[in-house]
Amino acid sequence: MAYDLLLPAPRQAAATAGNFTLGPATGLRGEPGLTRIVRRLLGLDLQDSPEGRVSVRLEAGEPESYRLSVTSDGIEITGADEAGVRHAVQTLRQLMGSGAFRAAKPDEWQVPCGEVVDRPAVEWRGMMLDVSRHFSTKRTVLKYIDLLAQHRMNRFHFHLTDDQGWRIESRKYPQINEKSTHRAATLAGNLRADDSTYDGTPHGGYYTLDDLAEISAYAAERGILVVPELDLPGHASALLAAFPELGTGEAKVQGHWGVLSGILKPIPASVKLICELIDEVLEVMDTPYVHLGGDECVTRDWATDPEVTAHRDAVGLSSTGELHGWFLRQVGEHLAARGKRMIVWDEAFQTGGVLHDTIVMCWRGDAIGKAAAAAGYDVVRSPVYPAYLDYDQSNLPEEPLSLGGPIILEDSCSFEVLPASWSEEERARVLGGQFNVWAEYIPNDRHLDYMTFPRGAALADAIWTGAPADHADVVRRLTGAHFARLEAAGCEYRPLEGPLPWQQGGTGRRARHTGNRTWDTAQWREWRDKVPDSGEVH
């Protein structure tokens with residue numbers, strides 16, 4: 001039974017009769033680097049022994065592929081690489097039962113016999129977490145890295161900066177820590193409501209560079225690459241609180257949401273600052289990628305700024321809007337000189353803010369992703385529908401305040417990371433997919449759990465397999481075993497039937513607001529299939 005309750009679903013899994021007893025006396029056999037991975041992920045003190053009944057080794061195969069074999073005589077873990085070994089161990093944990101995800105574990109386990117042969121369909125399987133709108137503690141971030149590893153995901157997209165807070169320590173520019181990392185108050189209730197007020201409570205926080213080094217190392221041990229995002233040149237109000245002379249629009253940390261006017265001037269001084277801030281991050285984080293944002297940039301004030309227009313003329317551009325692409329290319333070239341690859345949101349693809357090897361992260365539907373792939377760019381698919389988890393999970397009135405929606409579990413199951421309607425050449429440009437969790441209406445880690453799971457588990461299944469997941473089968477695996485695993489891991493997911501009493505919006509400021517976008521599936525799909533008009537916001 002356990003073998004047909006794995007999530008994500010493996011390519012091949014078959015149970016056989018019997019169990020293997022895994023306990024303190026069970027030795028572990030293999031190369032020291034591999035046995036260390038097994039011990040760390042299982043959380044069991046298995047001793048290295050040449051006669052060990054748990055063996056681990058590498059064997060040639062597709063990247064990240066693995067085979068896990070359990071017999072009454074022992075457990076054999078075979079991976080094509082270290083990533084494959086990690087996936088095999090995560091699968092073994094699920095077979096061991098929900099107790100494998102608790103901090104305190106029994107001394108002995110009965111592991112059902114059988115075999116799993118598996119590999120992912122795509123190389124990029126991720127989650128984006130917004131920690132600007134509401135700050136997540138380091139403890140929460142580490143918990144989510146563990147949850148991602150449990151679902152065999154391998155990218156953690158860390159949205160570290162936005163209008164509502166800059167979350168990265170700067171040792172070179174301490175005024176950022178003092179002025180850009182906290183706000184005096186936060187919008188209470190819904191942005192579109194007539195009675196929107198602020199809570200009067202300061203909110204803030206940031207990660208020290210030592211924190212970022214720790215998070216990056218912790219993730220790497222679990223096979224997850226952290227991708228930092230500094231969202232620029234727009235969404236820069238918080239940074240401008242420390243450097244008002246480098247921007248147009250409001251220069252303060254914002255307490256409300258939306259597409260706001262604070263934007264860096266696309267001039268050499270701004271490029272210099274951003275490159276220096278990125279260098280600080282890259283000194284402590286081992287990553288081949290940096291996400292530069294590029295989305296939702298309100299460029300209208302550039303046209304009347306003497307410094308911007310003078311620079312436009314100096315570089316020979318015909319409009320200030322073209323400086324959006326110029327700015328991103330300049331920072332991208334700095335990254336390239338350091339051997340790093342830039343990632344941008346899909347607006348930058350439309351405005352020319354890309355280099356030849358830029359990865360385009362496509363959020364505004366499927367058509368823009370297809371266009372980027374057809375133009376020869378690698379893409380990561382994360383369309384709002386169905387991969388944004390800041391939307392309602394149903395139309396129940398008990399749902400708490402969110403951005404709108406709904407995007408339901410069945411929608412999440414439907415995610416087609418490799419669209420059948422795309423050409424073979426276009427699909428070859430798809431690195432993979434991810435789900436995104438924006439935190440405007442997610443004030444704490446309990447609500448983060450509620451909004452992310454179980455939809456995140458369904459999306460992980462669809463991304464791993466490369467095909468939409470069967471909704472009924474996902475529900476069967478959730479109720480049969482996976483909810484128990486999440487509970488053991490301390491994840492307060494949303495039950496299928498609706499929110500628990502303490503998860504509901506109630507009748508106060510956290511009540512569901514139907515004035516937000518409320519679309520049915522047909523409307524979502526119509527939006528998804530249109531190419532956006534432009535990457536600019538005027």
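About 330 Å³ of space lies in the second largest pocket of this predicted model. Its lining counts 18 residues, and Arg93, Phe101, Lys105, Asp146 and Tyr218 are the ones nearest the centre. The largest pocket, for its part, has a volume of about 590 Å³.

- By class, the lining of the second largest pocket splits into eight nonpolar, three polar and seven charged residues.

**The largest pocket**

- The largest pocket is lined by 23 residues, and those nearest its centre are Glu296, Trp363, Tyr391, Leu403 and Glu440.
- Twelve nonpolar, two polar and nine charged residues make up the lining of the largest pocket.
- Glu296, one of the residues nearest the centre of the largest pocket, sits in the loop between β18 (289-293) and α8 (306-314).
- The backbone of Glu296 is worth a look too, with phi near 45°, a positive value in a residue other than glycine.

**Enclosed space**

- How many cavities of 30 Å³ or more does the structure hold? There are three.
- The largest cavity has a volume of about 50 Å³.
- Its lining is formed by Ala83, Arg86, His87, Gln90, Ala149, Arg152, Met153, Arg222 and Gly223.
- The classes in the lining of the largest cavity come to three nonpolar, three polar and three charged residues.

**Nonpolar cores**

- In soluble globular proteins, nonpolar side chains tend to be buried together.
- Here the largest nonpolar core has 100 residues, and Phe158 and Leu239 have the most contacts inside it.
- Helix α7 (residues 268-282) gives the most to this core, with eight residues.
- Setting aside residues up to four places away in sequence, Phe158 touches Leu129, Val131, Val141, Tyr207, Leu212, Ile215, Val226, Val227, Pro228 and Glu229.
- A second, separate core has 33 residues, including Leu42, Ile75, Cys113 and Val116.

- Ile463 belongs to helix α16 (residues 455-465), and it counts as buried because its relative accessibility is 0%, under the 20% cut-off.
- Beyond its neighbours within four places in sequence, Ile463 is in contact with Ala121, Val122, Trp124, Arg125, Met153, Phe415, Val417, Gly433 and Gln434.
- Among these contacts is Met153, a residue that also lines the largest cavity.
- Ile463 and Cys413 are 50 residues apart in sequence, with 9.6 Å between their C-alpha atoms in space.
- Gln164 lies in the loop between β9 (161-162) and β10 (165-166), yet Gln164 is buried, with a relative accessible area of 0%.
- Leaving out residues up to four places away in sequence, Gln164 touches Ser132, Arg133, Arg183, Val253, Gln254, His256, Trp257 and Leu260.

**Cysteines**

- A disulfide is a covalent bond between the sulfur atoms of two cysteines.
- A search of the whole structure turns up zero disulfides.
- Cys297 is in no disulfide, and the nearest cysteine sulfur, that of Cys362, is 16 Å away.
- Cys297 is buried, with a relative accessible area of 1%.
- Cys113, which is part of the second core, also counts as buried, at 2% relative accessibility.

**Backbone details**

- Most residues other than glycine have a negative phi, and most peptide bonds are trans.
- Another cis peptide bond joins Leu232 and Pro233, with omega about 0°.
- Pro233 is in the loop between β15 (225-232) and α6 (237-240).
- Glu64 has a phi near 70°, which is positive in a residue other than glycine.
- The loop between β3 (54-58) and β4 (66-71) holds Glu64, and Glu64 counts as buried at 11% relative accessibility.

How values were computed: Residues are numbered from 1 along each chain as its sequence is written. This is a predicted model: local features need pLDDT of at least 70, side-chain atom pairs count only at pLDDT 80 or more; totals for chains, interfaces and linings use all residues. Side-chain values use heavy atoms; hydrogens and water are left out. On a 1 Å grid over the protein atoms alone, a cavity is a set of points where a 1.4 Å probe fits but cannot get out, and a pocket is an open set with protein on both sides within 12 Å along at least five of seven lines; lining residues have an atom within 4 Å of a point. Grid points are joined across faces, edges and corners, and a volume is the space filled by probe spheres set on the points. Ala, Val, Leu, Ile, Met, Phe, Trp, Tyr, Cys and Pro count as nonpolar, Asp, Glu, Lys and Arg as charged, and the others, Gly among them, as polar. Helices (H or I, at least four residues) and strands (E, at least two) are DSSP runs, numbered from the N terminus. Buried means under 20% relative accessible area, exposed over 50%, partly exposed in between (1.4 Å probe, protein chains only). Contact means heavy atoms within 4.5 Å. A disulfide is a pair of cysteine sulfur atoms within 2.5 Å. A nonpolar core is a set of buried Ala, Val, Leu, Ile, Met, Phe, Trp, Tyr and Cys residues joined through side-chain atoms within 4.5 Å.
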